[in-house]
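Take a moment to look over the sequence and the 3D structure shown below.

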Amino acid sequence: MRRTRTFDAGRRRLLKAGAAAGALGAFTRWLPAYAGGGSAAGSAARVAGGAPRDVAVTLAVRGESLRIAGRRAAATTLNGSLPGPLIELWEGREAVLRIENHLDEDTSVHWHGVLLPYRMDGVPGVSFPGISPGETFEARFPVRQYGTYWYHSHSGLQEQTGLYGPLVIHPREPEPFRYERDYVVVLSDWTFENPYRLLARLKKQSTYYNYQQRTLAEFVRDVREEGLEATLQDRLAWGRMRMTPTDIADVSGATYTYLMNGLDPLANWTALYRPGERVRLRLINASAMTYFNVRIPDVPMTVVQADGQNVEPVETDELQIAVAETYDVIVTPPGDGAHTLMAESLDRSGFARGTLAPRPGLTAPVPPLREPPRRTMIDMGMDHGSGHGAHGEHAHHHGTPAAQVDHAHHHAAPARVRSAEPGPRPPGPVVARHGPDGHGPGNTAVAEIQRNRLAEPGAGFETAEHRVLTYADLRNAAAPPDRRAPSHTLELHLTGNMERYMWSFDGRELHEVNAPIHFPYGERIRLVLVNDTMMEHPIHLHGMFMELENGQSDRLPFKHTLSVKPAERVSLLISANEPGPWAFHCHLLYHMQMGMMRVVEVAPAGGLAHA
């Protein structure tokens, strides 16, 4: 590590899918070289590759005025582009990554999913102090992995203003799959609002950007179909939770413009291919708050990597990519025509879009936005009204309404590591009932019934007739090297108060926690996450991969970010072999900003280890 002083210091119009999405946008100066699009050759988006080599890169962070979706915008850029430039590294070689801060405030860059010494990890207050205005920070480390990753700011809300970019690590060994074209696809969300104003609005009214509230017409319809008593009981249950079934995303297309490689849907990022070629798409969700549902109509996708690590190939028609996740897919577009790459937001309030085409200028029909999903009793942590669990399987316990927390009788309980317990139960609809709650005022309700939901494709796909990828489908391409049974178990609850926009672990925000979570160095840890909230949370552990216990025996997939569904209980295995303090947080930017973050310390008993 080296720090040196080197220099002086509205609401957007919703796009209507299926409308004429015609002209290709001009290739403006602020687009990264890999973005392609417009009349520029699609090959400009391709990963370059080449001979293995050491890499030295300098990224200059600046505040600039850019033109995004036809409007001027104040953005935070890396080398003048949004997203930042593609960084290509080689496994087994050295990386030297320098960040120059040309802002008038501190900045930082975190190398998301990359294994490296903790002092290089780029989290102010955890791994280093941050990069002051006028300073350069250098991260120098040996590259120990392969795959598709990304990088982003960990300072304030800079990530929302454009400080992010893709990172590809070429493998030392030949890959177990073939392709002829290689493209990066960075998905993100952009707001023309000041992000701090956006956050202030959420704190004042958590549903400020939710334009999909239930209507009187829906009430009348439900009374007709379910009866008055059942309908009233449903409304009362949701009222106790202080949420509604339409609470799918905190921030929607009411303020967000969704981007693909920095281009809005009308600009139409384009990737070129020759008929019959296999095309690799490295999907990176670099958004601040948006889950995307990704599909190419009538073109199946074969998933070959998840979070940068090889998985046994699995074919699907659509996948849901959480904030901060990456998926690598291979497609073979049929015929000699164009095909739409559709990335629809989870709440279906908007979309990012691109085109796979054999020639510049071609477009394909853009599918219309589908009906928004709705939350269910299962999401509330209740038993299914019919006495059945997820997917119609019989529930082991009959639930009662999720209990609203009695703040006068409960207090926050600190997370703790305890002796190992028996492994997780086989996949099934119900895992456990919630015990007495001790989460305090930072949590509104508990998931009384916690389910294993790894085989569920996600909100909006409950009745899907096409194939949608699930976590249960992921199988590591090789057996992980550490086969030890865990010696310690840690259970953490994801907690929140949606009405007051408070987010935390175990009911305690980061500033309320006095000590880090301790992982004994060299030990094998089982981490159990229980989601007591009614929305998805993408949970990211810095510095180490987590092995998802998804029933795949000795082929558990590696994850650096895991989306935990509402009222879900999941189990992960971690080899605590990376010494130092590491950030552990929800990757929904505004949730992390509001306190849904902890520090994990990997160290021998008695003190912090140093890299």
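**From surface to core**

The protein exposes about 22600 Å², and carbon and sulfur atoms supply 52% of this area. The model is a predicted one. It has 611 residues, of which 62% count as buried. Its secondary structure consists of four helices and 34 strands.

The largest nonpolar core holds 111 residues, and the members that touch the most others are Leu-281, Leu-319 and Leu-529. Strand E10, which covers residues 181-191, gives the most to this core, with six residues.

Which residues are in contact with Leu-529, leaving aside its neighbours within four places in sequence? Among them are Leu-492, Leu-494, Ile-539, Val-564, Val-570, Leu-572 and Phe-584. Glu-568 and Arg-569 are also in contact with Leu-529.

The next topic is the aromatic rings. The structure holds 12 aromatic pairs. One of them joins Tyr-183 and Trp-269: the ring centres are 6.0 Å apart and the planes stand at 80 degrees, so the pair is edge-to-face. Planes over 60 degrees apart count as edge-to-face. Because Tyr-183 lies in strand E10 and Trp-269 in strand E12 (residues 269-272), the pair ties together parts that are 86 residues apart in sequence. Tyr-183 has a relative accessibility of 0% and therefore counts as buried. Trp-269 is buried too, with a relative accessible area of 0%.

Tyr-501 and Trp-503 form another edge-to-face pair, with 5.7 Å from centre to centre and 85 degrees between the planes. Both of these residues, Tyr-501 and Trp-503, are buried. Elsewhere, Tyr-256, Tyr-258 and Phe-292 form one aromatic cluster.

Some rings have an arginine over the face. Arg-71 lies over the face of Phe-192, at 4.0 Å from the ring centre. Arg-348 is placed over the face of Phe-461, with 5.5 Å to the ring centre.

Now consider the loops. Ser-349 sits in the loop between strand E19 (339-345) and strand E20 (351-357). Is Ser-349 buried or exposed? Its relative accessible area is 9%, so Ser-349 is buried; the cut-off for buried is under 20%. The side chain of Ser-349 also makes a polar contact with the side chain of Asp-347, at 2.9 Å.

The last topic is the backbone. Most residues other than glycine have a negative phi, and most peptide bonds are trans. Against that background, the bond that joins Leu-82 and Pro-83 is a cis peptide bond, with omega about -5 degrees. Pro-83 belongs to the loop between strand E3 (71-78) and strand E4 (87-90).

Positive phi values also occur. Asp-298 is a residue other than glycine, and its phi is near 70 degrees. Asp-298 is found in the loop between strand E14 (292-295) and strand E15 (301-306). With a relative accessible area of 77%, Asp-298 is exposed. For Ala-324, phi is near 85 degrees, again a positive value in a residue other than glycine. The loop that holds Ala-324 runs between strand E17 (318-321) and strand E18 (326-331). Ala-324 has a relative accessible area of 0% and is buried.

Key
Residues numbered from 1 in each chain as written. Heavy atoms only, no water. Core = buried A, V, L, I, M, F, W, Y, C linked by side-chain atoms within 4.5 Å. Buried < 20%, exposed > 50% of the residue type's maximum accessible area, 1.4 Å probe, protein only. Helix = DSSP H or I, 4+ residues; strand = E, 2+ residues; numbered from the N terminus. Contact = heavy atoms within 4.5 Å. Phe/Tyr/Trp six-rings, centres within 6.5 Å; stacked < 30°, edge-to-face > 60°. Lys NZ or Arg CZ within 6 Å of the ring centre and 35° of its normal. Areas by Shrake-Rupley, 256 points an atom, 1.4 Å probe, with all protein chains shown as cover. Polar contact = N/O pair within 3.5 Å; in protein donor to acceptor, adjacent residues only side chain to side chain.
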